[in-house]
Amino acid sequence: MAREFSESELEAMYREAEQARQATPTATAIQYDADSHRFTITLLAGGKVSFDVAQVPELAGATSGQLADVELSPSGGGIHWPQLDMDISVAGLVMDLVAGEG
């Protein structure tokens, strides 16, 4: 038997889910600059994160065309390179980049 939720309970769950989404790095855009071999991710919470292709070992050996063919998941939580058949989580990538700065 399914439980029914009140409108206030549903609103509280929505607020909690939105806070969790805001706390997790989520992208709204990604761009590749072939000249500098860098990606720039625009984050939902504001700000941008840039990284060199060399910082992501899985991208080693990829051509500029393969790298430029990049897309975000509908949720903004993942990055997909169709030609490379590769996916990376935005949160995992951002955490790896931050941990690597130390």
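In which helix does Met 13 lie? Select Met 13 and the residues around it: Met 13 belongs to helix α1, residues 7-23. Helices are DSSP runs (H or I) of at least four residues, strands are DSSP runs (E) of at least two, and both are numbered from the N terminus.

The model is predicted, so local features need pLDDT of at least 70 and side-chain atom pairs count only at pLDDT 80 or more, while totals for chains, interfaces and linings use all residues. Residues are numbered from 1 along each chain as its sequence is written, and side-chain values use heavy atoms, with hydrogens and water left out.

Remain at Met 13, which is partly exposed, with a relative accessible area of 37%. Partly exposed lies between buried (under 20% relative accessible area) and exposed (over 50%), with a 1.4 Å probe and protein chains only.

Next, select Ser 36, in the loop between β1 (27-33) and β2 (38-43). Ser 36 is also partly exposed, at 31% relative accessible area.

Now turn to the open sheet, whose three antiparallel strands follow the order β4-β5-β6. Its edge strands, β4 (71-72) and β6 (86-89), each pair on one side only; pairing requires at least two DSSP bridges between two strands. Select β5 (residues 78-81), which is joined to β4 by two bridges and runs antiparallel to it. Here Ile 79 of β5 is the bridge partner of Leu 72.
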